[in-house]
Amino acid sequence: NKEGRFKIAQFTDLHWKHNSTNCAATIATIKHVLNTEKPDIAILTGDVVTHSPAKEAWLTIAKIFEEAQIPFAVTLGNHDAEAGISRKAIFELLDDLPYFVGEKGPDDLQGAGNYIIPIAGNNSETAALIYCFDSNDYPPVNKYGDYDWIHYNQIAWYRQQSQQYTDANNNKPFPALAFFHIPIPEYNNVVGRNTTIGTKGEEITHPEINTGLLASMVDMKDVMGIFVGHDHNNDYIGIEHDIALAFGRVTGTDAY
């Protein structure tokens, strides 16, 4: 805006069960945040619709942001493809909606919903970046743990995109934030530090495989903070290697 500020509202883990008695309360929560904070964009970080009928549910949720005239983006959680619709089909459904600013992303990357939202400054040129990743769902073999991870081709894509933006900005990295669903293992590292604020109300259920996403973000020098969901009773934020690691507060009344 004219003051050079850009506000993001994160919603996570709606666990929308269409036509349940709790839907009205979830809508009220979202509308209250939108009306109070007046964000420039809303980002939904996964486990949004977890029960069928998925299409009707997604369209109902999208209507909230359309009526508020606020752009919204989506990253998927581990449960979103369990409601009778594929990860790619979710983005195909949302793609034509007037206030949706996300995208399916490159087909040759793991998952669906790996994309970048550039934020323009007052001169209409890019001033900051939002990176969205698909943290996927479950590993193909149980011995690798309960949850999938952000894969090497996604990290290589991030590094390439980041470098291109930095090169185009006179070798100066743009300030950036990253959004996805499942926390990375480093979220354990900030628990109990005197610089960490918020609540840790449950175990951090991260992948057992660490593919080095945080190390690449340290290397590329652009991402200032990572925002995830997944663990509903956690809403803390701490600093690891000068990058904020944050849980969004659970949004859905139908979530545990």
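**Exercise 1.** Decide whether the crossing of H1 and H2 is left-handed or right-handed, and find how the two helices are oriented to each other.

*Solution.* Start with the handedness: in this predicted model, H1 and H2 cross in a right-handed way. Next, take the geometry: H1 covers residues 23-37 and H2 covers residues 54-68, and they pack at an angle of about 25° with axes 11 Å apart. Angles under 35 degrees count as roughly parallel, and therefore H1 and H2 are roughly parallel to each other.

**Exercise 2.** Work out which residues of H1 and H2 meet.

*Solution.* From H1, take Ile27, Ile30, Lys31 and Leu34; they meet Ile64, Phe65, Glu67 and Ala68 of H2. Now sort the residues of this contact: six are nonpolar, two are charged and none is polar.

**Exercise 3.** Describe the largest pocket: which residues lie nearest its centre, and which element gives the most to its lining?

*Solution.* Begin with the space, about 520 Å³. Then look at the lining of 20 residues, where Ile8, Ala9, Gln10, Gly248 and Arg249 lie nearest the centre. Strands E1 (8-11), E6 (176-179) and E9 (243-247), along with H1, each give two or more residues. E1 gives the most, with four. Finally, the lining divides into 13 nonpolar, five polar and two charged residues.

Terms used:
Residues numbered from 1 in each chain as written. Predicted model: local features only at pLDDT ≥ 70, side-chain atom pairs only at ≥ 80, totals over all residues. Heavy atoms only, no water. Axes fitted to C-alpha atoms, helices over the stretch in contact; angles between N-to-C directions. Parallel < 35°, antiparallel > 145°, perpendicular 65-115°, else oblique. Left-handed = near helix turned anticlockwise from the far one by under 90°. Contact = heavy atoms within 4.5 Å. Nonpolar A, V, L, I, M, F, W, Y, C, P; charged D, E, K, R; others polar. 1 Å grid on protein atoms, 1.4 Å probe; cavity = no way out; pocket = protein on both sides within 12 Å on 5 of 7 lines; lining within 4 Å. Points joined across faces, edges and corners; volume = space filled by probe spheres on them.
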